[in-house]
Amino acid sequence: MPPIVIFYIFAFIFGAVVGSFLNVCICRLPKKESIVFPPSHCPGCDYRIPWYDNIPILSYLILRGKCRSCKSPISLQYPLVELLNALLTLFLFMRFGPTLPFAVLFLFCSAMVVVTFIDLEHQIIPDVISLPGIVAGFVFSFFIPQLGWLNSLIGIVAGGGSLWLVASGYELLTKKEGMGGGDIKLLAMMGAFFGWKAIPFIIFVSSLVGSVIGVTVMLMQKKDAKLAIPFGPFLALGAVLYIFFGSQLISWYLSLSGISGG
Ligand SMILES: [Zn+2]
């Protein structure tokens, strides 16, 4: 086995272990509970979960999705978040290796996993993630020359400002609130981490995927049912796609439209 594979396995396991902690954040942040205390317990029977029942991904499979003590079902969210974060960490490591951008993007993606699952369940994006996220992205920009602090600062304004304009315009036209302040702060955070050039890409991808899924859901559901579709998960998806494919997709698009002249 080539030594690099050992690092890949380690990255996957590390991502899964952090994913296990992200599950705690997803469950407790919306309730404003502490994320460090008390230790994990079954919501059904208060059984305190021992370490051997708390192994990311594996424990869910071994226990066949049921609490060892009371046999009540364990949410599929737990192994899903662990697997998702494990894969994201592995792909980031394969792409960036042991560098500062890897560490920064690892933190960013972990935050996106939490945002996605909280927004899906509660239709909110906690300020405890987006506001420190804006600050963190700006601080990191001083240490990442490819980004730069000015680019990051303009990204914050462009990200927050553009969605704020869209939201205000929508409200003005329809007299309804369409987009929450949470989305605005989330896109400002993305601008802080990636600079202003990422903003059009993220808005384009998230609106495209969001409208396809939104229309599909609307067609599938009953006429008077009103299902709120949060926008945060689509923004998070757009940002993750930007990390892995942003520059390629942008230059591909520019070459199609002949702007790059290449
Ligand atoms: Zn139980």
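Visitor: Which residues coordinate the zinc ion?

Guide: The zinc ion is held by the SG atoms of Cys42, Cys45, Cys67 and Cys70, at 2.3 to 2.4 Å, where donors are N, O and S atoms within 2.8 Å of the metal (3.2 Å for Na, K and Ca) and water is not among the atoms, so sites may look incomplete. Along the chain these donors follow the spacing C-x2-C-x21-C-x2-C. This is a predicted model, in which local features need pLDDT of at least 70 and side-chain atom pairs count only at pLDDT 80 or more, while totals for chains, interfaces and linings use all residues. Residues are numbered from 1 along each chain as its sequence is written, and side-chain values use heavy atoms, with hydrogens and water left out.

Visitor: What makes the arrangement around the zinc ion tetrahedral?

Guide: Four donors count as tetrahedral if all angles lie between 85 and 135 degrees, and because the 4 donor atoms here subtend angles of 102 to 115°, the arrangement is tetrahedral.

Visitor: Why does Cys67 count as buried?

Guide: Buried means under 20% relative accessible area, exposed over 50% and partly exposed in between (1.4 Å probe, protein chains only), so Cys67, at 5% relative accessibility, counts as buried, whereas Cys70, at 30%, counts as partly exposed.

Visitor: How many helices and strands does the chain have?

Guide: The chain has 9 helices and 0 strands, both being DSSP runs numbered from the N terminus, with at least four residues of H or I for a helix and at least two of E for a strand.

Notes: Tetrahedral: all angles 85-135°; square planar, octahedral: opposite > 155°, others 65-115°.
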